[in-house]
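Colleague: I would like to learn how to read the features of a structure like this one. Could we go through them one at a time?

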Amino acid sequence: MNKKRITRFCLLLILINLPLFNLKAQNPIIQTMYTADPAPIVYNDTLFLYVGHDEKDAPPNGYLMRDYQLFSTIDMVNWTAHKTPLRTSDFIWSVGDASAAQCIYRNGQFYWYISSMNKFFPGVAVGVASSDSPYGPFKDALGKALVTNDMTSHAKHAWDDLDPSVFIDDDGQAYLYWGNGVCYWAKLNNDMISVDGEITALDAKDKSIFGPGFTEAPWVYKRQGLYYMIYASGFPESLHYTVSKNPTGPWEYKGCVMPLEGGSNTNHPGIIDYKGNSYFFYHNDALPGGHSYCRSVCVEQFSYNEDGSIPEMKMTKEGIMKGVNKLNPFKRTEAETMAWSEGISIEENEKIGVYVTSIHNGDYIKVRNVDFGNKGASRFSASVSSRYHGGTIEIRLDNIDGQLVGTLHAPYTGEWDNWSLVETAVKNTKDVHDVYFVFKGKEPHSLFNFDYWMFGE
Ligand code: FUB
């Protein structure tokens with residue numbers, strides 16, 4: 001074959017395999033909106049992922065972030081979207097930019113530390129919201145910022161108080177770390193909403209602490225007696241870590257966790273252990289239409305080396321291949337629980353909460369590791385609404401064009417907020433499968449909305 005032919009052949013191969021590649025993809029983990037600055041916590045056996053939200057109409061040279069979003073998983077492959085738990089408008093002092101944040105749990109309360117431009121004092125500030133539920137609603141716990149720009153004087157720029165990360169040590173002492181261009185830390189009082197004593201600045205250029213330098217986004221945690229801080233370095237960023245035997249330092253630079261890759265200037269890290277595995281969260285620009293201000297959160301599984309060091313990782317499209325749990329299809333499952341989707345988006349309202357919308361012919365949702373057991377399923381029901389013609393949900397197994405086990409007709413219901421629970425028979429379906437809900441119907445209108453589903457024996 002000549003060069004031209006080989007190139008054409010390769011292109012053909014790529015095109016043929018593109019759908020298959022997407023079907024295997026797990027990264028970015030949220031496809032229904034742009035997400036950034038991942039902050040995972042584990043509470044009651046569920047992993048809650050708090051993220052920033054890049055609006056899709058963000059300009060190519062600046063952030064547009066008005067609220068924070070919450071997703072959860074019990075298996076690391078299917079993610080459920082929840083109602084918007086916190087907006088910048090919940091802070092009277094915020095100018096309206098939802099910069100990076102972290103939520104943690106203490107004594108029956110969830111404390112969500114955020115960073116945003118301060119309306120009342122020039123510069124970025126750290127604030128804190130609280131709630132007695134991981135789902136919120138969260139309220140500004142102070143009615144003013146916790147750390148304002150006048151409290152930190154080590155940087156000449158006004159956005160040095162970005163990216164709070166909070167860590168509670170085994171003795172109950174809580175520490176706040178944050179910064180851009182300087183890494184600050186301070187103790188927090190037991191109330192979690194006031195700073196205790198001095199604010200200390202770590203020199204961002206100190207090679208012994210930060211190797212190639214500290215830009216922003218510290219994430220601090222403890223593992224086997226050692227304190228780890230992962231952070232972003234350079235701009236565009238790569239991700240690195242430093243360790244200490246004490247939460248107050250001295251810190252020792254250890255190496256790179258994720259080298260410069262992808263097209264987003266920032267990558268903001270977060271690390272957590274869940275159900276016996278270690279997971280590394282970050283963001284990049286991998287969703288279609290993505291760029292430095294339309295980012296999307298990804299996750300990689302990793303294992304610490306025997307000496308406690310973190311291996312260097314690459315960004316992948318595959319993400320988490322093996323789930324840590326199966327999904328029970330005989331329980332009501334929200335339609336916004338998905339491993340992957342194409343075409344659709346999500347919305348929320350007071351009555352219904354979050355639901356799937358903007359469904360068009362050929363769009364689909366994939367749900368992984370669905371366990372139908374030995375007895376199997378023979379019925380399928382779903383709550384749907386439609387102002388136009390409605391459409392159908394094809395229920396397929398293991399592939400977008402895999403075995404068709406049932407087709408549900410989603411009827412015209414009069415209005416988008418008239419919901420109807422409809423049912424169809426399915427061919428007896430047993431064992432564990434990935435389930436694809438493939439939407440079909442007459443364009444040009446959006447076909448129907450989809451709130452939840454359930455299989456029956
Ligand atoms: O999301 C806005 C900013 O981008 C964050 O505060 C930084 O960490 C970077 O990810």
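**Reading the model**

Modeller: Keep in mind that this is a predicted model. We can begin with the domains.

Colleague: Into which domains is the chain divided, and what residues do they span?

Modeller: There are two entries in the assignment: domain 1 covers 29–302 and domain 2 covers 333–456. Taken over C-alpha atoms, their centres lie 35 Å apart.

Colleague: How should I read the interface between domain 1 and domain 2, and how much area do they bury between them?

Modeller: The size of an interface is often given as the accessible area lost when the parts come together. Here domain 1 and domain 2 bury about 1300 Å² between them, and 51% of that is on carbon and sulfur atoms. On the domain 1 side, Gln-31, Thr-32 and Lys-83 lose the most area to domain 2, together accounting for 43% of what that side buries. Counted by contacts, twelve residues of domain 1 touch 18 residues of domain 2.

Colleague: How many salt bridges are there between domain 1 and domain 2?

Modeller: The count is two. Lys-83, named above for the area it loses to domain 2, forms a salt bridge with Glu-350, with the closest N and O atoms 3.8 Å apart. The cut-off for that pair of atoms is 4 Å.

Colleague: Next, strands. Is β16 buried or exposed?

Modeller: β16 runs over 238–244. Seven of its seven residues are buried, so the strand is largely enclosed by the rest of the structure. To read a strand, take its two sides separately.

Colleague: Which strands does β16 pair with, and in what sense?

Modeller: β16 pairs with β15 (residues 226–233) in the antiparallel sense over seven bridges, and with β17 in the antiparallel sense over five bridges.

Colleague: What happens in the hairpin of β15 and β16?

Modeller: The hairpin has four residues between the strands, and Gly-234 takes a positive phi near 75° there.

Colleague: Which residues other than glycine have a positive phi?

Modeller: Ser-358 has a phi of about 55° and sits in the loop between β25 (353–357) and β26 (364–371). The relative accessible area of Ser-358 is 25%, making it partly exposed. Asp-431 has a phi near 65° and belongs to the loop between β30 (420–429) and β31. Asp-431 is also partly exposed, with a relative accessible area of 45%.

Colleague: Which peptide bonds are cis, and where are they found?

Modeller: The angle to read is omega. The bond from Gly-249 to Pro-250 is cis, with omega near 0°. Pro-250 lies in the loop between β16 and β17 (252–258), the strands already seen to pair in the antiparallel sense. Another cis bond joins Glu-443 and Pro-444, with omega of about 10°. Pro-444 is in the loop between β31 (432–440) and β32 (449–456).

Colleague: How many disulfides does the whole structure hold?

Modeller: A disulfide is a covalent bond between the sulfur atoms of two cysteines. A search of the whole structure finds zero. Take Cys-298 as a case: its closest cysteine sulfur, in Cys-294, is 14 Å away, which is too far for a bond. Cys-298 is buried, at 0% relative accessibility. Cys-103 is likewise buried at 0%.

Colleague: In what order do the strands of the open sheet run, and which are at its edges?

Modeller: Four strands form the open sheet in the order β6-β7-β8-β9, with antiparallel pairing. The edge strands are β6 (99–106) and β9 (139–140), each of which pairs on one side only. β6 pairs with β7 (residues 109–117) over seven bridges in the antiparallel sense. Within that pairing, Tyr-105 has Phe-110 in β7 as its bridge partner.

Note on methods: Residues are numbered from 1 along each chain as its sequence is written. This is a predicted model: local features need pLDDT of at least 70, side-chain atom pairs count only at pLDDT 80 or more; totals for chains, interfaces and linings use all residues. Side-chain values use heavy atoms; hydrogens and water are left out. Buried means under 20% relative accessible area, exposed over 50%, partly exposed in between (1.4 Å probe, protein chains only). A disulfide is a pair of cysteine sulfur atoms within 2.5 Å. Two strands pair if DSSP finds at least two bridges between them. Domain bounds come from an automatic or database domain assignment. Contact means heavy atoms within 4.5 Å. Buried area is the accessible area (1.4 Å probe) that two parts lose on being put together, summed over both. A salt bridge is a side-chain nitrogen of Lys or Arg within 4 Å of a carboxyl oxygen of Asp or Glu.
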